[in-house]
Amino acid sequence: MNRNAYFDNARVFLIFLVVFGHLVQPFTDGSNGMNTLYLWIYTFHMPAFIFLAGFFAKGSGNWKYIFNLAKKLLVPYLIFQLLYTAYYFFIGKEGWESGIFYPQWSLWFLFSLFSWHILLIGFKKLPAAAGIISTIAIGLVAGYFGDIGHTFSLSRTIVFFPFFLMGYWMTKDQVLVLKRKGLQIAAVVVLVGVAAGIYIAPDFNSGWLLASKSYGDLGLPEFGGLARLLVYGTSFAMSFSVLALIPQSHSTVTKLGARTLYVYLLHGFFIQLFREANVFEVSNFFDVIGLAVIAAFIVWLLSSRPIQGIWQPFIEGKASILKDVFGDRGRKGDQHFNT
């Protein structure tokens, strides 16, 4: 599928919110404003990101496709699981010990993304509406089982799958319907309304948005299904509202949309170091703006060509960027020698 500025812009905005949300998280306790900002971001940033992943998941599902998928997702998962474990030990982070199938921090996404592609092989055979409704129902039921949790990223895989499947079924024209003026106005109302609702009810447990705990762990063993259904509705509405406001024009940051996986996998080295060293503090509005600037810088840095060149062998399993760099130097050297 050819690159489209709208979808790349959406990726850049969402990966910025991933980094910014992780920077903000340590300052949510005791601050209603910071807690509202954090929860507001988490109502949509991963659901929308997963929706876009599903939108571009148009593979065939044969064995070659599955093998290439494993090489693209599971190999980097294993590499970074080991790297993060070693890094956490080095910086003195508690709980650094982790089994190979207990994803370190944000690595759950790679494991779940592979699983969603595998699940898609079966679910795409169902009618779109039936498949999406059934995955929502499964997500609601899963929360009643305490054994479905962080291991194998199982809880998040099940709970977030409806967003992936909906993304798979939607076409470009259907997504761009969101750009209609009336829907954009409605989107602003939804975004502001949800922020106000979160601010008024600051005791909302963020675990409902992280999707890694059972209803019992979240304090609603009987009515958790209803609560999750409300979360589903909110996340779908927020995701589509944000996508309605994403610009369609090409800008200087649009090209970074092709490099979001690098940012996602690498930003944790910064975030965890900042947290362990207590580098930042937030006491006013300008501190929050400062965190946003730092998040933007991290996104830019980790999307840069030099970082891509260094980490491409670990993330993509190839070294084409380094080959191009040294190849160009070699050719220039030969030309200089010949002259």
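1. A residue counts as partly exposed when its relative accessible area falls between the two cut-offs, under 20% for buried and over 50% for exposed. Phe 152 has a value of 40%, so it belongs in the partly exposed class. Keep in mind throughout that this is a predicted model.

2. Staying with Phe 152: it sits in the loop between helix H6 (128-142) and helix H7 (154-169). Its backbone is worth a look, as phi is positive, about 60°, although the residue is not a glycine. For background, most residues other than glycine have a negative phi.

3. Asn 278 is another one to check on that score. It has a positive phi of about 50° and is not a glycine either. You'll find Asn 278 in the loop between H12 and helix H13 (285-302). With a relative accessible area of 63%, Asn 278 is exposed, whereas Phe 152 is partly exposed.

4. Phe 152 also turns up in a nonpolar surface patch of about 520 Å². Leu 82 comes from helix H4 (residues 63-91), and at 57% relative accessible area Leu 82 is exposed.

5. What does H4 pack against? One partner is helix H14 (residues 305-315), at an angle of about 110° and with the axes 9 Å apart. Angles of 65 to 115 degrees count as roughly perpendicular, so H4 and H14 fall in that class. On the H4 side the contact uses Lys 72, Pro 76, Ile 79, Phe 80 and Leu 83, while H14 brings Trp 311, Phe 314 and Ile 315.

6. H14 also packs with helix H12 (residues 260-277), here at about 95° with 11 Å between the axes. That pair is therefore roughly perpendicular too. From H12, the residues involved are Leu 261, Tyr 262, Leu 265, Leu 266 and Phe 269. They meet Ile 307, Gln 308, Trp 311, Gln 312 and Ile 315 of H14. Note that Trp 311 and Ile 315 are listed in the contact with H4 and in the one with H12.

7. Now the charged side chains. How many salt bridges are there? The count is three. Arg 3, Asp 8 and Arg 11 are linked in a network. Asp 8 pairs with Arg 3 at 2.5 Å, N to O, and with Arg 11 at 3.0 Å between the closest N and O atoms. Asp 8 and Arg 11 are both in helix H1 (residues 5-24), three residues apart, or about one turn of the helix.

8. Is Asp 8 buried or exposed? Asp 8 is buried, at 5% relative accessible area, and Arg 11 is buried as well. Arg 3, by contrast, counts as exposed at 53%.

9. Lys 318 is partly exposed at 43% relative accessibility, and Glu 316 is partly exposed at 38%.

10. Thr 43 is in the loop between helix H2 (32-42) and helix H3 (45-55), and at 4% relative accessibility Thr 43 counts as buried. What does Thr 43 touch beyond its neighbours within four places in sequence? Its contacts there are Ile 198, Leu 209, Ser 235 and Met 238.

Methods: Residues are numbered from 1 along each chain as its sequence is written. This is a predicted model: local features need pLDDT of at least 70, side-chain atom pairs count only at pLDDT 80 or more; totals for chains, interfaces and linings use all residues. Side-chain values use heavy atoms; hydrogens and water are left out. Patches are made of residues with over 30% relative accessible area and no salt bridge: like charges are joined within 9 Å, nonpolar side chains (Val, Leu, Ile, Met, Phe, Trp, Tyr) within 5 Å. Accessible areas come from the Shrake-Rupley method with a 1.4 Å probe; for residues, only the protein chains shown count as cover. A salt bridge is a side-chain nitrogen of Lys or Arg within 4 Å of a carboxyl oxygen of Asp or Glu. Helices (H or I, at least four residues) and strands (E, at least two) are DSSP runs, numbered from the N terminus. Buried means under 20% relative accessible area, exposed over 50%, partly exposed in between (1.4 Å probe, protein chains only). Axes are lines fitted to C-alpha atoms, for helices over the stretch in contact, and angles run from 0 to 180 degrees between N-to-C directions. Angles under 35 degrees count as roughly parallel, over 145 as roughly antiparallel, 65 to 115 as roughly perpendicular and the rest as oblique. Contact means heavy atoms within 4.5 Å.
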